[in-house]
Amino acid sequence: MVDSQYYLPNDIGVSALDCGEAFRLLSPQEKMYAHYLSRAAWYGGLAVLLQTSPESANIFVLLQKIFRKQTPAQLEQVATAAGLSAEEYQAFLVYAAGLYANMGNYKSFGDTKFIPNLPKEKLEALMKASQAFQEQPAEMEALWDSCSCPLFSLEDKQKQLGLGDKGITTYFSGNCCLEDAELAQKFLDSKKLSAYNTRLFKRDNGGKACYEVRLASAVQKGQNDSFTQEPFSFEDKEFTVKRGDYASLMEKAYAANENQRKMLEEYRRSFTFGSVDAHKEGSRYWIKDKGPIVESYIGFIESYRDPFGSRGEFEGFVAVVNKAMSERFAKLVGSAEVLLPELPWPREFEKDTFLKPDFTSLDVLTFAGSGIPAGINIPNYDDIRQSEGFKNVSLGNVLAVAYATQKEKLTFLEEEDKDLFIKWKGPSFEVQVGLHELLGHGSGKLFVQDDKGKFNFDKSKVTNPETGEPVSLFLHLETWDSKFSTIASSYEECRAECVGLYLCLKNQVLSIFGHDGQDAEDVVYVNWLSMVRAGLLGLEFYTPESKSWRQAHMQARFVILRVLLEAGEGLVGLEEVTGQDGKPDARITLDRSKIHTVGKNAIHRFLCKLQVLKSTADVEGGRALYDGYSTVSDSGAHNFLRLRETVLLRKEARKMFVQANTRVSEAVVDSYSVELVEYEGSAAGLIQSFTERFQDEAEQLEADLLEMNRRDAPCWC
């Protein structure tokens, strides 16, 4: 039997993202704009296959070839004739849908590998009975041979993403370790290059280590390009910088947008030449584009899945503004300058001026990448966020379906809490997302010395409130991600989550979202209860063998659970029990009468420490604090290693989303319209959406993916 955490269950939730009404209200011009932006996002999003694992692209092409010839319904008869049971065929469909939804064979939330929940010989029999195989037997056989072993393999190193012996990554060649990543970061800093759109490849040249930094770009050479001409010598190692990573995909990621405005001009320059500076410039135009009806962002954005924490995964989204919900967020933005001083750190540790961002609720039309979040705060460039601004978005149609749950599937809560939890989980999460994105990620100052030696604070007046000593700082070119590297993402998510917990206690905040009186108290209670339960659920994403966390947000929530347990006084209760089925279970409780006292004080102290360590670039102190609370052991008041087994026993698979496609059709002669093509919320619907998404040039696209994968194949050994 395969451990259940390594396959997706046949009854996994699959929901269609509803954006029909939002799309219908767009003007013809807006629909066309959304269509072309979506095409760019989907093409660029294919790069995630190459960023995830050595085999993901080949598995994707194998599935596309099978389903382009036969729909899931047509293939079912073939599967039955090939000897598959109904359960085995459904397991195959769920696996295929999972690969599409995660853009690879590792879960986007948790970075764990998943394999088909049926015997390898059964899947091979189905593949060989398919029409695709009948028409191209040699090609399909070669494709199967190239990926069938890793498709099913669960060797220890292949069970999760990671660097060196801790897991699989394609951000680095297989012979790289943490020391190589650290050296490469120093090199990039010395050349004023960002790691966001890079990968690192190491080779041996006569006993000397040589590194190739590869930039994602459509072209091999840039204009006035000094970087890609000669090798650089750095700390007795040789470095070269090359353009052209994911070249054919980067070309498609911008080509549709050549008639758009300055923002898209800069994105095109970024994807053409691999320039992060151009992407930054595009982001500057983007944050100034307030309140557009069609909102979008595209590029190498989030660094969660880089084991070193510096390289961005490609994502692109296109969404339509939900005006009614956006009004609430606009009110929250209007209250920000009143709420920010309520945060527990000294005034000097807050930005000099709050740059009021756009904060909108969006219905997602397209989200290309490995997964869809509930909210976003971007851009991630520290220098822009600190001095020029940012945008917040809450993804309303994702929230509407992602966190709905059935009472019988609600784990680890007291019976009397379950109805309240189901009633207020959605509204409380909406409040938490708003505070997390706007005042969590949007708050706090980094103390920086610029390239001219100037400080962004008064050195004579600012001291560290924890020690009374003068503050340390970020030097020129040092960023939050490059400095705090492996803990940066989770630490920042933890800080933002704490801000949400802390400020949701304010009546002013709750009334903005329409909650007063007893309802407001219930929203606070469920928000805090949801957080401590999420901390327990987070244990699913911890790997004991490597003592590492695989998901930034869930590590953050576990840390918060530890902080609130440590607060004592009966605030949080956590006990191991036996379930009604006779198997191990757990119960988590929260004393709502102590949230405003014991709970608030605990978050106040912890949040202040987090911000001070962040502001002062104190990596050593920050790592000691964060790693301490992140420790999962079998000693102490709670046996978290044993609780982890209970969590795995009772876990519920994360939902997958089916997204619509857009299609241009000729309404009348020389007049074109854009139609929305929607699909059912099922594994078959998800599969169909992907096969139709790339059907116009499927064969060339598949050939490009296979060729890019083939060229890099020797690097993963």
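**View 1. Helix α9 and its bend.** Helix α9 bends by about 35° at S146, and a proline, P150, follows within four residues. The bend at a residue is the angle between axes fitted to the seven residues ending there and the seven starting there. This is a predicted model, in which local features need pLDDT of at least 70, side-chain atom pairs count only at pLDDT 80 or more, and totals for chains, interfaces and linings use all residues. Residues are numbered from 1 along each chain as its sequence is written, and side-chain values use heavy atoms, with hydrogens and water left out. Helix α9 runs over residues 137-152 and has 16 residues. From its first C-alpha to its last it reaches 22 Å, close to the 22 Å expected at 1.5 Å a residue. The expected span is 1.5 Å times one less than the number of residues. Helices (H or I, at least four residues) and strands (E, at least two) are DSSP runs, numbered from the N terminus.

**View 2. The buried residues of α9 and their cover.** M140, L143, W144, C147, S148, L151 and F152 are the buried residues of α9. Buried means under 20% relative accessible area, exposed over 50%, and partly exposed in between (1.4 Å probe, protein chains only). Their cover includes α4 (56-69), α6 (86-102), α7 (120-129) and α8 (131-135). Helix α26 (698-712) is also among the covering elements.

**View 3. The annotated site at H436, H441 and E493.** An unreviewed UniProt entry places the feature "binding site" at H436, H441 and E493. The three span 58 residues in sequence, yet no two of their C-alpha atoms are more than 8.3 Å apart, so they gather at one spot. UniProt positions are given in the numbering used here, feature names are shortened, and annotations may be inferred rather than shown by experiment. H441 sits in the loop between α17 (415-440) and α18. H441 is buried, with a relative accessible area of 9%. Not counting residues up to four places away in sequence, H441 touches N377, R385, H436, E492, E493, R495 and A496. Contact means heavy atoms within 4.5 Å.

**View 4. E493 within helix α18.** E493 lies in helix α18. At 5% relative accessibility, E493 counts as buried. Its contacts, leaving aside neighbours within four places in sequence, are Y304, H436, H441, H553 and A556. The side chains of E493 and Y304 make a polar contact (2.7 Å). A polar contact is a pair of N or O atoms within 3.5 Å; within protein, one must be able to donate a hydrogen and the other to accept it, and residues adjacent in sequence count only if both atoms are side-chain atoms.

**View 5. V499, also in helix α18.** V499 is placed in helix α18 (residues 480-503). V499 has 0% relative accessibility and counts as buried. V499 touches L343, W345, L435, L439, G440, S443 and L607, not counting residues up to four places away in sequence. G83 is 416 residues from V499 along the chain, and their C-alpha atoms are separated by 55 Å.

**View 6. R199 and a network of salt bridges.** R199, E212, R214, K242, D245 and D712 are linked in a network of salt bridges. A salt bridge is a side-chain nitrogen of Lys or Arg within 4 Å of a carboxyl oxygen of Asp or Glu. R199 lies in strand β2. At 2% relative accessibility, R199 counts as buried. Its side chain makes a polar contact with the side chain of D712 (3.0 Å). Another polar contact, of 3.2 Å, joins the side chains of R199 and Y246. Not counting residues up to four places away in sequence, the residues that R199 touches include L50, T170, Y171, R311 and W716.

**View 7. The D245–R214 pair.** D245 forms a salt bridge with R214, the closest N and O atoms being 3.6 Å apart. D245 lies in strand β5 (residues 237-245) and R214 in strand β3 (residues 208-216), so the pair ties together parts that are 31 residues apart in sequence. Both D245 and R214 are buried.

**View 8. The D180–K202 pair.** The structure holds 48 salt bridges. One joins D180 and K202, with the closest N and O atoms 3.2 Å apart. D180 lies in helix α10 (residues 178-190) and K202 in strand β2 (residues 198-205), so the pair ties together parts that are 22 residues apart in sequence. D180 counts as buried at 5% relative accessibility, whereas K202 counts as partly exposed at 24%.
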